[in-house]
Amino acid sequence: MRDNAALIERVREGDKQAENIMVEENMGLVYSIVKRFANRGCDAEDLVQIGAIGLIKAVKKFDPEFNVQFSTYAVPMITGEIKRFLRDDGAVKISRTLKENAMKGRRSEEALRKKLNRQPTIKEISQECGIEPENLIEAFEAAAPPESIYESVYDNGEKEINLIDTIAGGEIEESVINKVMVDNILKLLKPREREVILLRYFRGKTQTEIAAVMGVSQVQISRIEKKAVERIRSQMP
């Protein structure tokens with residue numbers, strides 16, 4: 001395999017041949033990840049094609065200034081692309097009950113927001129619509145569009161920064177996060193910020209679930225998360 005660093009530099013200069021070589025020589029990442037999604041009711045070749053899209057995105061967006069290996073950056077991006085496909089177009093379907101509960105919960109949420117003039121908690125919504133909190137959270141999560149660690153958290157008009165770029169990796173299950181780096185990052189945060197980041201990105205919780213656990217609104221969790229990401233960015237070289 002050729003030197004990734006040299007190829008990346010050529011890709012950044014607009015060399016399409018280098019881009020194609022990077023994709024071809026890193027397809028092993030895609031095949032390895034696809035194996036983890038066996039028995040999901042989707043053809044493996046289809047998942048390879050979807051994973052390749054994630055790889056292409058990684059090749060185009062990768063910047064050596066992220067201070068991580070290309071594979072560290074690419075693996076969660078490939079995985080995320082496959083998961084979005086399975087969620088949106090693949091074998092995973094949302095039951096009628098979950099859809100109905102989500103609709104009922106959202107109606108109650110909106111009514112309470114107008115009545116209370118603030119974002120209601122999961123407990124308040126649960127009492128209003130008569131659905132148990134855990135069932136309500138499950139319904140909200142199932143009906144919500146998939147959230148991505150590739151969501152833009154900063155854009156100065158010249159260079160877009162995604163969340164993955166600020167925390168050097170997404171999912172612990174991929175075993176690509178450097179533990180020392182993660183520990184140092186978490187030390188930068190205030191206790192509540194640290195708790196939100198751990199629940200959000202290392203335990204796979206949604207903002208709604210975290211809000212229920214911490215007894216605050218989803219909007220408050222969103223604000224805490226945003227401040228935590230900004231704090232990480234401000235302290236990183």
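Me: Leaving aside neighbours within four places in sequence, what is G54 in contact with?
Reply: G54 is in contact with M77, I78 and E81, once its neighbours within four places in sequence are left aside. Contact here means heavy atoms within 4.5 Å.

Me: What kind of model is this?
Reply: This is a predicted model, in which local features need pLDDT of at least 70, side-chain atom pairs count only at pLDDT 80 or more, and totals for chains, interfaces and linings use all residues. Residues are numbered from 1 along each chain as its sequence is written, and side-chain values use heavy atoms, with hydrogens and water left out.

Me: Back to G54. Where does it lie, and is it buried or exposed?
Reply: G54 lies in helix 4. G54 is buried, with a relative accessible area of 0%. Buried means under 20% relative accessible area, exposed means over 50%, and partly exposed is in between (1.4 Å probe, protein chains only).

Me: How far is G54 from I82, C-alpha to C-alpha?
Reply: The two C-alpha atoms are separated by 7.9 Å, while G54 and I82 are 28 residues apart along the chain.

Me: How many helices and strands are there in the chain?
Reply: The chain has 13 helices and two strands. Both are DSSP runs numbered from the N terminus: H or I of at least four residues for helices, E of at least two for strands.

Me: And how much of the chain counts as buried?
Reply: 43% of the 237 residues. As for contacts in the chain with a separation of 6 or more, 57% are between residues 24 or more positions apart.

Me: How do helix 3 and helix 4 pack?
Reply: Helix 3 (residues 27-34) and helix 4 (residues 44-61) have axes 9 Å apart, at an angle of about 135 degrees. The axes are lines fitted to C-alpha atoms, for helices over the stretch in contact, and angles run from 0 to 180 degrees between N-to-C directions.

Me: What is that pair called, then?
Reply: Helix 3 and helix 4 are therefore oblique to each other. Angles under 35 degrees count as roughly parallel, over 145 as roughly antiparallel, 65 to 115 as roughly perpendicular, and the rest as oblique.

Me: Which residues make the contact?
Reply: From helix 3, M27, V30, Y31 and V34; from helix 4, A44, L47, V48, G51, A52 and L55. By class, the contact of helix 3 with helix 4 has nine nonpolar residues, one polar and no charged. Ala, Val, Leu, Ile, Met, Phe, Trp, Tyr, Cys and Pro count as nonpolar, Asp, Glu, Lys and Arg as charged, and the others, Gly among them, as polar.

Me: Which residues of helix 3 are buried?
Reply: The buried ones are M27, V30, I33 and V34. Seen down the axis of helix 3, they fall within an arc of 120 degrees, so they line one face of the helix. The arc is that of the directions from the helix axis to the C-beta atoms.

Me: What about helix 12, which residues are buried there?
Reply: In helix 12 (residues 207-214), Q207, T208, I210, A211 and M214 are buried. Those residues cover an arc of only 165 degrees around the axis, which puts them on the same side of helix 12. Just after helix 12, G215 takes a positive phi of about 70 degrees.

Me: Which residue other than glycine has a positive phi near 60 degrees?
Reply: N117, with phi near 60 degrees. Most residues other than glycine have a negative phi. N117 is found in the loop between helix 6 and helix 7, and N117 is exposed, with a relative accessible area of 72%.

Me: How do the axes of helix 6 and helix 7 cross?
Reply: The axes of helix 6 and helix 7 (residues 122-129) come within 9 Å and cross at roughly 110 degrees. The two helices are therefore roughly perpendicular to each other.

Me: What meets what in helix 6 and helix 7?
Reply: In helix 6, K104, G105, S108, E109, L112 and L116 meet E124, I125, E128 and C129 in helix 7. The residues of the contact of helix 6 with helix 7 divide into four nonpolar, two polar and four charged.

Me: Last one: where does E100 lie?
Reply: E100 lies in helix 6 (residues 96-116). E100 is partly exposed, with a relative accessible area of 46%. E100 and A139 are 39 residues apart in sequence and 8.3 Å apart in space, C-alpha to C-alpha.
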